Amino acid sequence: MLSSIPPPLALVTGASTGIGFELAREFAEHDFDVVLVADEPEVVDAAHRLSRPGSRVVGVRADLTVPAEVEALVARVGEMGALTALALNAGAGVGGEFTEESTVDEQLAVVDLNVRSTVHLAKSLVPGMLGRAHGRVLFTSSIAALAPGPYQSVYNASKSFVQSFAKALRAEVANTGVTVTSLMPGPTDTAFFRRSGQLDTPIGAGPKVDPAEVARAGFAAMMAGRAQVVTGSLLVKAQVLLGRVLPDRVLVAAHKLLTRPRVSGGGRGAGRA
Ligand SMILES: NC(=O)c1ccc[n+]([C@@H]2O[C@H](COP(=O)([O-])OP(=O)(O)OC[C@H]3O[C@@H](n4cnc5c(N)ncnc54)[C@H](OP(=O)(O)O)[C@@H]3O)[C@@H](O)[C@H]2O)c1
């Protein structure tokens with residue numbers, strides 16, 4: 001009797017909207033079963049929109065800033081089967097002056113989501129892939145990882161963490177059958193800038209690329225086992241090259257021009273829904 005091989009299983013965090021939703025679409029279109037994770041109940045609808053006959057596309061609500069919810073998610077995924085692909089994409093930012101325009105809880109939530117939950121999920125799910133000598137891991141970092149970021153200081157620092165962590169983990173798992181890829185998007189047309197209160201900044205109001213384009217590049221790089229992929233305009237790619245050679249003081253000054261609110265006090269809160 002022929003035994004049927006189950007489809008590969010992918011987990012995508014931050015998958016209800018933006019880059020994560022488009023990553024989940026890539027997996028679904030490439031015949032993966034997909035677990036989409038996000039904080040709000042809309043993630044269930046997002047999963048329905050991607051499901052096809054015969055496929056398993058499931059939306060799971062989890063607030064990843066809460067460690068117990070991360071644990072519950074890991075247990076749920078364990079029940080669903082062996083994970084082939086892990087896209088740790090959920091992330092958020094807070095714009096505006098660090099000392100004046102946010103609460104400590106808002107800034108710590110950025111750390112809890114972008115840093116803590118990323119480490120927690122990687123630590124919980126990558127060992128299983130190593131045990132099976134097979135897997136693909138994608139971290140959504142950012143070009144913001146490359147420079148200190150005035151007016152989004154904790155966000156940039158969190159993405160520097162993700163970028164460093166991804167590179168180090170990639171080196172540790174070399175030649176195991178598991179690869180780690182870092183996706184470094186430039187400004188992308190998602191809810192990110194509204195949610196971070198940065199619509200009234202040059203970067204928030206400036207040109208952006210389609211999240212579907214970002215996800216396509218991220219998915220392809222991940223499947224090919226590449227170390228990293230930068231997405232965005234030629235200007236963004238030039239910024240990345242310059243980021244490798246220019247001193248921090250120049251990068252910080254340039255960043256400040258992009259992220260400073262145009263109207264005093266108009267940054268944080270100005271773009272809130
Ligand atoms: N947009 C850009 O220009 C840009 C550039 C570089 C890197 N990135 C990175 O790309 C990733 C995706 O962002 P995006 O631009 O696609 O933004 P987005 O549209 O705002 O998507 C963010 C996703 O994260 C989820 N999320 C937020 N808080 C969560 C929490 N506490 N627990 C679980 N899920 C949570 C959101 O779900 P809910 O709606 O349910 O909260 C949503 O699915 C982030 O890591 C971001 O840093 C974005």
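Helices here are DSSP runs (H or I, at least four residues), numbered from the N terminus. The model is predicted: local features need pLDDT of at least 70, side-chain atom pairs count only at pLDDT 80 or more, and totals for chains, interfaces and linings use all residues. Residues are numbered from 1 along each chain as its sequence is written, and side-chain values use heavy atoms, with hydrogens and water left out.

**Exercise 1. Describe the second largest pocket: which helices line it, and which classes of residue are found there?**

Solution.
1. A pocket is defined on a 1 Å grid over the protein atoms alone, as an open set of points with protein on both sides within 12 Å along at least five of seven lines; lining residues have an atom within 4 Å of a point.
2. Helix 4 and helix 5 each supply at least two lining residues. Helix 4 has the largest share, five residues.
3. The lining includes Ala 122, Val 126, Phe 165 and Glu 172.
4. Classes: Ala, Val, Leu, Ile, Met, Phe, Trp, Tyr, Cys and Pro are nonpolar, Asp, Glu, Lys and Arg are charged, and the others, Gly among them, are polar. The lining then has seven nonpolar, no polar and two charged residues.
5. The space in this pocket is about 160 Å³, where a volume is the space filled by probe spheres set on grid points joined across faces, edges and corners.

**Exercise 2. How many cavities of 30 Å³ or more are there, and what lines the largest cavity?**

Solution.
1. A cavity is a set of grid points where a 1.4 Å probe fits but cannot get out.
2. The count is one cavity of 30 Å³ or more. The largest cavity holds about 30 Å³ of space.
3. Its lining is Leu 88, Ala 90, Asn 114, Thr 118, Thr 140, Lys 159 and Val 162.
4. Helix 4 (104–132) and helix 5 (153–172) each give at least two of the lining residues.
5. By class there are three nonpolar, three polar and one charged residues.

**Exercise 3. Which residues come nearest to the ligand, and how much of the ligand does the protein bury?**

Solution.
1. A residue counts as near if one of its heavy atoms lies within 4 Å. Of the 31 residues around the ligand, Ser 16, Glu 40, Asn 89, Tyr 155 and Thr 190 come nearest.
2. A polar contact is a pair of N or O atoms within 3.5 Å. A polar side-chain atom of Ser 16 is 2.7 Å from a ligand oxygen atom, and a polar backbone atom of Ile 19 is 2.9 Å from a ligand oxygen atom.
3. The ligand taken alone exposes 890 Å², and the protein buries 95% of that; areas come from the Shrake-Rupley method with a 1.4 Å probe.

Terms used:
A polar contact is a pair of N or O atoms within 3.5 Å; within protein, one must be able to donate a hydrogen and the other to accept it, and residues adjacent in sequence count only if both atoms are side-chain atoms.
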